Amino acid sequence: MKILVAVKRVIDYNVQIRVKEDGSGVVTDNVKMSTNPPDDNAIEEAVKIKEAGKATEIVAITVGEEKAQETVRKALAVGADKGIHVKTEGVLEPLAISKIIQKIVEKEKPDLVFMGKQAIDDDCNQTGQMLSALLNWPQATFASNIEVKDNSLEVTREIDEGLETVEINIPAIVTCDLRLNEPRYASLPNIMKAKKKPIEEINVSDLGIDITPRVQQLKVEEPPKRKAGIKVANVAELVQKLKNEAKVI
Amino acid sequence: MAVLLIAEHNNKELRPFTLNAATAASQIDKEVHAVIIGQNSESAAKKLSELPVVKKVISIEAPHYENFTAENFAPAIVKLAENYSHIVCSANTFGKNLMPRIAAHLDTSQVSDIIKVISPDTFLRPIYAGNAFATVKTNDAKKCVTIRPTSFEPCESSGGNATIENGEAGEEFSNTKFIKREEIKSDRPELGTARIVVSGGRGMQSGDNFKLITEVADKLGAAIGASRAAVDAGYISNDHQVGQTGKVVVPDLYIAIGISGAIQHLAGMKESKVIVAINKDGEAPIFSVADYGLEADLFEALPQFMEELNKLNTIQK
């Protein structure tokens, strides 16, 4: 079984986001970038399945500018066998990304595609579901547990009401929740080995897809600031304020 | 052209966020039609027809719609799409799972999780976990939009009398099989819709100590929340997690206890109307969003808090 895992380079989740003064976006220059956190869970799960002898090959793919390749390199260091970097400039929408991955799926013919449930930059939560629609494959989103069966997966999904279990026939798409597993760190020897693993570079223009954005970002601004609060001296004052000033209890 | 609202329900009743999504839909266009897809869902369809903002209900029934599988729902909605300018539903796990599948079938670029309708093609949406707000304009003819339910008031739930038409069911998608749903039952209000939320963080030090939080929550009729740190440390199950990777809550009162206020936690609660922070570290970032901060050891403050609450004659529930 072959697993394709999609990874995205985003601003590191510990970085305090700053909005550009001209409202054109957020500051990304000299800011620490990392792999989108749930994409790390997607890679980890693929590696675990391979370690359990249920997968034979893991291909990591990213779509983005030159430096996005770092995320593929990191995936190779934790256990992916081969990388693909589809080179693009500028911001791509999830619809365009899913069309790009669809082309790669047609070429690589994986049995499973894994990715994070959502990217923590644009917070769209779309790509996996869109890819699954384009391929007419089953989808299991927000996965917190995956059991590999003979020709299917049994996936536990985190939904608002609790947990849902579905069985999806292979080929299939899974989008991963942070609770799926604990991503491992790459060891130094594996980081060195990963440097020798192949990364295929593909120019997006060679895929023949229209990736023109459909949604214009008119303005990015800081969210309204909360008015400064007060410190209360003791619990009695706190309860009195909640009762008589805020009138919430 | 009219707006098509996708109703979320459990085959008996509407899920509450359908009412919030209806409000957002009516802000896009006054002509709101609602589609309800399910199995034996007549009573929910009737409730939908009673929402005054809904002008027409389309009910689609088939056995394979019983469990709300996106692979089954999407083609049925795509079939209706030609008559509508917009398709709208909540950005909860139901809508997040479903809408992109519809959008991809329609070759349209979805706008996710809007918090404000600026015009029928322009919306405000949070990005970077709410650390920035983006104003976006979609140029697609067909617009697929998911709405953040807590950013829109629920619409009136009675007084309407829309016609209910039957829609045509699509084929079953045979490669996905529903197995089970385990709903977490609780006497407490649901975290996502509770008026008061009491949350504990790593400062609670153990799962046992969460009973201090439970007592306060019981007294106030509140839901119980937690920071990711508390969940990761195993103090409490993950369905209580508030934050970027958990639930986004907007209660009237949010009480953060022993929570330092990591960026990812603040993203899930900083729109709450009134925020209280109790933390012994006076420099903790949680105080920067708190209306009322109490710098104190929570193990002393919580028993005192209970005592003070017990002194009150009445507590709003």
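**View 1. Val88(B) sits opposite Val145(B) in strand β9 of chain B.** This is a predicted model, in which local features need pLDDT of at least 70, side-chain atom pairs count only at pLDDT 80 or more, and totals for chains, interfaces and linings use all residues. Residues are numbered from 1 along each chain as its sequence is written, while chains are lettered from A and ligands numbered from 1 in the order in which they are written. Strand β4 (residues 84–90) of chain B runs parallel to β9(B), joined by five bridges. Strand β5 (residues 111–114) of chain B also pairs with β9(B) in the parallel sense, over two bridges. Here Val111(B) has Val145(B) as its bridge partner. Strands are DSSP runs (E, at least two residues), as are helices (H or I, at least four), numbered from the N terminus. Two strands pair if DSSP finds at least two bridges between them.

**View 2. Strand β9 of chain B is covered on both faces.** Five of the five residues of β9 (residues 143–147) of chain B are buried, so this strand is largely enclosed by the rest of the structure. Lys143(B), Val145(B) and Ile147(B) lie on one side. Cys144(B) and Thr146(B) lie on the other. In a regular strand the side chains alternate between the two faces of the sheet. Buried means that 20 or more other C-beta atoms lie within 10 Å of the residue's own, with C-beta atoms placed from the backbone; exposed means 12 or fewer, and partly exposed is in between.

**View 3. A six-stranded open sheet takes strands from chain A and chain B.** The order is β13(A)-β16(B)-β15(B)-β14(B)-β12(B)-β13(B), with parallel pairing. β13 (230–232) of chain A and β13 (223–226) of chain B stand at the edges with a single partner strand each, so one side of each has no neighbour in the sheet. On average, neighbouring strands are turned by 20° against each other, direction ignored. Inside the sheet, β12 (residues 196–200) and β14 (residues 253–257) of chain B pair in the parallel sense over five bridges. Val197(B) stands opposite Tyr254(B) in β14(B).

**View 4. Helix α6 of chain A lies across strands of both chains.** Residues 235–245 of chain A form this helix. Axes are lines fitted to C-alpha atoms, for helices over the stretch in contact, and angles run from 0 to 180 degrees between N-to-C directions.

**View 5. Chain A meets chain B through 62 residues of chain A and 70 of chain B.** A contact needs C-beta atoms, placed from the backbone, within 7 Å. β9 (162–169) of chain A gives the largest share of chain A's side, eight residues. Elements that each supply at least two residues include α3 (94–108), β7 (139–148) and α6 of chain A. The chain A side divides into 30 nonpolar, 14 polar and 18 charged residues. Ala, Val, Leu, Ile, Met, Phe, Trp, Tyr, Cys and Pro count as nonpolar, Asp, Glu, Lys and Arg as charged, and the others, Gly among them, as polar.

**View 6. β9(A) pairs with strand β11 of chain B in the antiparallel sense.** Seven bridges link β9(A) to β11 (residues 176–183) of chain B. Lys180(B) is the bridge partner of Thr165(A).

Conventions
Two residues are in contact if their C-beta atoms, placed from the backbone, lie within 7 Å.
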